[in-house]
Amino acid sequence: MKAFRLALIPLVIASTYSPAYALDDNRIYVAPMFSYALADDDRDADDGMGGTLAAGVMLTEQVAFELRGTYLNYGEPDSNTGSKKENWMGGAGINAYLTPYGSGPYLHADIQAGDGTNFNAGLGWDLAFSPGGWGIRAEALYHVQKTDDNRERDFNEPLFNLGLRIPFGAPPVAPPPPPEPVVVVPPPPPPPPQCSDGIDNDGDGQIDFPADKGCTDANDNDEYNPICKAPEPGQPMTLEGCGVGDTIVLQGVTFEFDKARLTPNAKVILDGVGTALDSRPDIKVEIGGHTDSKGSDAYNLKLSDRRAASVKTYLESKGVAAARMSSHGYGEAVPVADNATDEGRELNRRVELKVTESAGGVTVAPTVRTAENAAPLPAEAAPAAPSAAVQTVTIKDFAYTPNTLTVPVGTTVTWTNDDGSNHFVAFPDQKSDRLKMGATYTRTFSSPGVYEYACTLHPEMKGKVVVQ
C-alpha cells in the first residue's frame, strides 16, 4: 500500500495542469493502456502485468461512459493455492472529469466480470496533445478481485494503467466569431424650415408657426395653429393642427371581449378617422394599442398588437394608404391611469393615433399672437385672451387643466397636484421637484413665447403656456 500511495504523488501533481478542450467533443474514443498490478500477498504470485482496452464516449461535458477489458498475468500457477495466475475480465465504468470536455483529472469507477467479480476505482488523468487530438492517459486504481469459490480469498491490489486516448473522426469545429457590430452614424437632422425661426417672415404682422406652408406670402393668412386634440362629443374627427409627436386617443374605438374584432360603434368612429387622414395626406401615423394590467405581460402585449393591427386593416379598407400607417402593441407598459381601479383600467384600455412624420418634418407649436396682428381669427379657433387672473393649472386624472394657458408677460403660474399619483412639471430649461398629492410648483414668465412642458414620469402628459 505504501508503494500505491507513492505512485499517486506524480499523478496528483500532473493533474493540476489540465488543458480543457475548446468545444464539446462527443466522439467515440479508445484508450489502449499497459497495466501493472502490485500483487496481493495472499495471491502468492508475482506482480501482475498486462493491458487494458477502454472504449468510451462523453455523455455530458464532464461524464464519460466506457466499456473496458483487462488482462493481468501474475506468472506461473501456484500449486499450493491453486489460484489462477492469468486474470481476464470485462465490463463497464464511468469517468467523472473535474474539468469540462473530457480533459484533465477524473475520478474512475468500473465493475468487470471474469475470474470472479472485479471492482476498480481511483484517479485518472487525460492530457491532450492538442484540443480534440490524441493524448496520454494515466490511471492509479484500487483493484478488488472477489473470487467465486471463497470470499475470504478476495484480492486487494493497487493497479496502474498508462497509455493513449485516441478519438475517432474529425474534431468539432468552432463557430465563426460574431461579426463586428456595424456602427451606423445617423445623418444630421435637416435644417429647420424658414417658418420655424419665430419671426414674421412674410411681413403680414403675424409670427409664423413652424407648419406654415406659406411663410413667404403675406396673403396666405394661415399663421394660426389650431390645437391637435380629440373631437368633442358629437363633433367630427379632425387632424387639423397635428404635427410630429402629437397623439390623439381614439375614444370609443373598442373591441369584442378578449378579441381583436372591432365593435360596430368602433367602425363608425374609424370611418371619421379615415376621412380625417384623407384630409391630411402630408402626415404618417402610428396606431398604438394599449391594455390594462389584467393578464400576463406577454398575453397583453400580443392582444394589444393584434388590436392595433385590426384598426390599421380597417382604415386600409376605407382607402387610407398602408404606407402611411404603422401599428404597434404596447400591452400594459404605458398606463395613463391607476390600474388598481375600474376607472383607471378603462382609461388604460385605449387605441392611440400618433403622428410620426409630416411633410415639414417638424413638430407643430402654437402661434404667439399680438394685439397688432392684422388678420382676425375665426371665433371658434381663437385662443383664450390673456388674463393675469388665470394663473393656476390643476394636475388631475393624469392631465394638466387647462392644457394650454395664455397669459401676459410677468404672470406667475402655479401648478397644483390634485392627483393620486406623483408628477413633474418639466420645461426644456428647468423642471419642478417631484410633486406629491397637494404639492405645488410656480414659475414666473418674464418673456413672451411658447413654453411647452411635460411630465417626466408620464410623458403622455403635456401642456403649453403662451406668454404674450
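The predicted model contains a closed barrel of 8 strands, in the order β1-β2-β3-β4-β5-β6-β7-β8, with antiparallel pairing. Neighbouring strands of this sheet are turned against each other by 25 degrees on average, direction ignored. Strands here are DSSP runs of E with at least two residues, helices are runs of H or I with at least four residues, and both are numbered from the N terminus. Two strands are taken to pair if DSSP finds at least two bridges between them. Axes are lines fitted to C-alpha atoms, for helices over the stretch in contact, and angles run from 0 to 180 degrees between N-to-C directions. Strands of a sheet pair through backbone hydrogen bonds, either parallel or antiparallel.

Residues are numbered from 1 along each chain as its sequence is written, and side-chain values use heavy atoms, with hydrogens and water left out. Because the model is predicted, local features need pLDDT of at least 70 and side-chain atom pairs count only at pLDDT 80 or more, whereas totals for chains, interfaces and linings use all residues.

A further sheet is open and has 4 strands in the order β14-β13-β16-β17, with mixed pairing. Its edge strands, β14 (399-401) and β17 (440-445), each pair on one side only. Strand β16 (residues 411-417) runs antiparallel to β17, and 6 bridges join the two. T416 has T440 in β17 as its bridge partner.

Nonpolar cores were examined next. A nonpolar core is a set of buried Ala, Val, Leu, Ile, Met, Phe, Trp, Tyr and Cys residues joined through side-chain atoms within 4.5 Å. Buried means under 20% relative accessible area, exposed over 50%, and partly exposed in between (1.4 Å probe, protein chains only). In soluble globular proteins, nonpolar side chains tend to be buried together. The largest nonpolar core has 26 residues, and those with the most contacts inside it are L239, L250, V253, L270, V311 and L315. At least two residues of this core come from each of α2 (264-279), β10 (283-290), α3 (297-317) and β12 (350-358). The largest share, 5 residues, is supplied by α2. When neighbours within four places in sequence are left aside, L239 is in contact (heavy atoms within 4.5 Å) with I248, A276, L277, R280, I283 and L353. A second, separate core has 21 residues, including A337, Y400, V407 and W415.

Charged side chains were then considered. A salt bridge is a side-chain nitrogen of Lys or Arg within 4 Å of a carboxyl oxygen of Asp or Glu. By this rule the model holds 17 salt bridges. In one of these, R43 is joined to E157, with the closest N and O atoms 2.6 Å apart. R43 lies in the loop between β1 (29-37) and β2 (48-58), and E157 in strand β8 (residues 155-167), so the pair ties together parts that are 114 residues apart in sequence. R43 counts as buried at 1% relative accessibility, and E157 is buried with a relative accessible area of 0%. E66 and R68 also meet in a salt bridge through their side chains, at 3.1 Å from N to O, and both residues are buried. A further salt bridge joins the side chains of R350 and E352 at 2.8 Å, N to O. R350 counts as buried at 7% relative accessibility, as does E352 at 14%. Through shared partners, salt bridges join E66, R68, D126, R137, E139 and R165 into one network.

The final feature concerns aromatic rings. Rings of Phe, Tyr and Trp (its six-membered ring) pair if their centres lie within 6.5 Å; planes under 30 degrees apart count as stacked, over 60 as edge-to-face and the rest as tilted. By this rule there are 10 aromatic pairs. The ring centres of W415 and F427 are 5.8 Å apart and their planes stand at 75 degrees, so the pair is edge-to-face. This pair links distant parts of the chain, with W415 in strand β16 and F427 in the loop between β16 and β17, 12 residues apart. Both W415 and F427 are buried. W415 also forms an edge-to-face pair with Y453, at 5.4 Å centre to centre and 80 degrees between the planes. Y453 lies in strand β18 (residues 449-454) and W415 in strand β16, so the pair ties together parts that are 38 residues apart in sequence. One aromatic cluster is formed by Y400, W415, F427, Y441, F445, Y451 and Y453.
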